[in-house]
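Here is a short tour of one structure, with cut-offs given along the way. Please keep your viewer open as you read.

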Amino acid sequence: MSTKKPAAGRQLLTGIDTSGAFPVEYRFAHAKGGNRHLVVVFANFAVPQDYGWSNGVFDNIRANILWIRDRFDGMNSYYLCKGMDFSLESSVAGLIFNVMKALDLTPDDVTMWGGSKGGSAALYYGMRYGFRNIVSIVPQFLIGTYVQTIHPKVADFMLGEGAPLQNVRAVDALLPDLVRARTNPRANIYLLSSPQDEQFPTQVEPFLGLFQGYENFNFIFSESPFITDHALVTRRNVPALLGIMNLLADGIAPRFGHVRNGYEQPDRDRSAIDSYLKATSVVRGVDFPAPVVTSPAAHQEVPRNAVRFSGTAAGAARVVVWEHGKYLGQTDVAADGTWSWELGRSWSRGKHAAKVYAVSAEGFQSARVEVAFVGGDETAGAGPVSGPGAQAVPGMLMGSGGASAGPAVLTPAAYEQVAGPGVVFTGVAPGTVQVLFREQGQMLGAVAVGQDGRWSWDAGWAWAAGTHEVDVVGLDAFGGEIPVGRVPFAVTGASVGAPTNGYFGGAF
């Protein structure tokens, strides 16, 4: 079972539920103290790996947490549809109900949570499927119009090529019609917005009157001169929202009248949820074979500027390489099952123990294989290896046909001295839909690629002074990663310390 522990020590388990028409990827954390509640978290746009609120902000929430990834065939979907095929929605709902069943919970024991795109999903699923608690932060009600206007590639994916007007209108009607019909009138709804949110006049305000008659509808209207845009509405209200979350986890819905306190069973039987998590774990160590590494040989000494990994990976789509918990790169597996990968720079001198695993087209992972070798003296004239699946060098993609057009970083230039504290990345990425940024294996953020193929990304935080090496990766329309390369640069004039991007790891 794939697990990892955030800084605060809460164990995350990752898996894929394939019981529906669409595989649905998730992360899960067990409750603290046997709390009998489940929080389902939907992602906003441009968050790391399309998991929202998954960087420690929920560490102190006592409930079970289920994060659902919004990436289907390489695109976002509002957790609704692909080409108006709503079996995608049914697949997501199936995951939620499977986890509920394994935890022996009812819809009254569940909270839907999300912001922006995720806020719309939280409202939709909460209303449609009868969940008792809904926390919806700066949602969009007219989803079809929003994606058609702001995210045209998402619109094509959800609504069909060219986003036909009748499909835009049909998806626009989903949320308003659910609310208007009072589908779930007993729900405890907490909707947050602000007049400073540029989307408020068109996407929220016209629909507030539809909630008249709901037993516990709470509209949190956040007004402050320090709120300047859509994203900042959430950031300014995180402490209050998390306070509401813990009350809901304890069975308390903030309202006038009777409330209940205490909702914990520390000795409850966890065998059902443990069995489900094991059965759907992203790591398939038994029925999905690990890759075979044919070179370098075990403990072989290799010139550290000419280390090339190669081997076979039956049934895999790609192979991923890590060392000491840090992501190094990945490569596609050829049709005949072979693969090869090169770091694109010299390894350090001495012993290395890299970890290699295979990934299927559905996203399942194999067991890890250790590749132990020794980085020796450099060989004159050695350089990056081209060929199928070879690792790219900065600014150039390498594939089966050699160099080809693809994502390229224009700024910062390699080894540039950047006057901090802010750093803006720019580039071009023809043929891709999104560009990802990682440092030392940690996801920093992502940005959509414009229709002209250009992209620009500003993390929005003060970078630590000193040297940085950021890996830049393009995503194609099928979710495949296209490595661009590692961008080394130095930041001057910034405060020393780790960069922080607040709660979200990216813009909405």
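## Serine 91 and its partners

Leaving aside its neighbours within four places in sequence, which residues is serine 91 in contact with? They are Gly20, Ala21, Phe22 and Val24, where contact means heavy atoms within 4.5 Å. Serine 91 is found in helix H1, helices (H or I, at least four residues) and strands (E, at least two) being DSSP runs numbered from the N terminus. With a relative accessible area of 3%, serine 91 is buried; buried means under 20%, exposed over 50% and partly exposed in between, using a 1.4 Å probe and protein chains only. Its side chain reaches the backbone nitrogen of alanine 21 at 3.1 Å.

A word on the basis: this is a predicted model, in which local features need pLDDT of at least 70 and side-chain atom pairs count only at pLDDT 80 or more, while totals for chains, interfaces and linings use all residues. Residues are numbered from 1 along each chain as its sequence is written, and side-chain values use heavy atoms, leaving out hydrogens and water.

The largest nonpolar core has 74 residues. Such a core is a set of buried Ala, Val, Leu, Ile, Met, Phe, Trp, Tyr and Cys residues joined through side-chain atoms within 4.5 Å. Phe42, Ile96 and Met158 have the most contacts inside this core, and helix H1 (residues 87-103) gives the largest share, nine residues. A second, separate core of 20 residues includes Phe437, Leu444, Trp461 and Val487.

## Helix H2

Helix H2 covers residues 117-128 and reaches 16 Å from its first C-alpha to its last, close to the 16 Å expected (1.5 Å times one less than its number of residues). Eleven of its twelve residues are buried, so H2 is largely enclosed by the rest of the structure. Just after H2, glycine 130 takes a positive phi of about 75°.

At lysine 117, the charged end sits over the ring of phenylalanine 45, 5.2 Å from its centre; this requires NZ of Lys or CZ of Arg within 6 Å of the ring centre and within 35 degrees of the ring normal.

## Aromatic pairs

The whole structure holds 26 aromatic pairs. Rings of Phe, Tyr and Trp (its six-membered ring) pair if their centres lie within 6.5 Å, with planes under 30 degrees apart stacked, over 60 edge-to-face and the rest tilted. Tyrosine 124 and tyrosine 125 are edge-to-face, 5.7 Å centre to centre with 80° between the planes.

Conventions:
A polar contact is a pair of N or O atoms within 3.5 Å; within protein, one must be able to donate a hydrogen and the other to accept it, and residues adjacent in sequence count only if both atoms are side-chain atoms.
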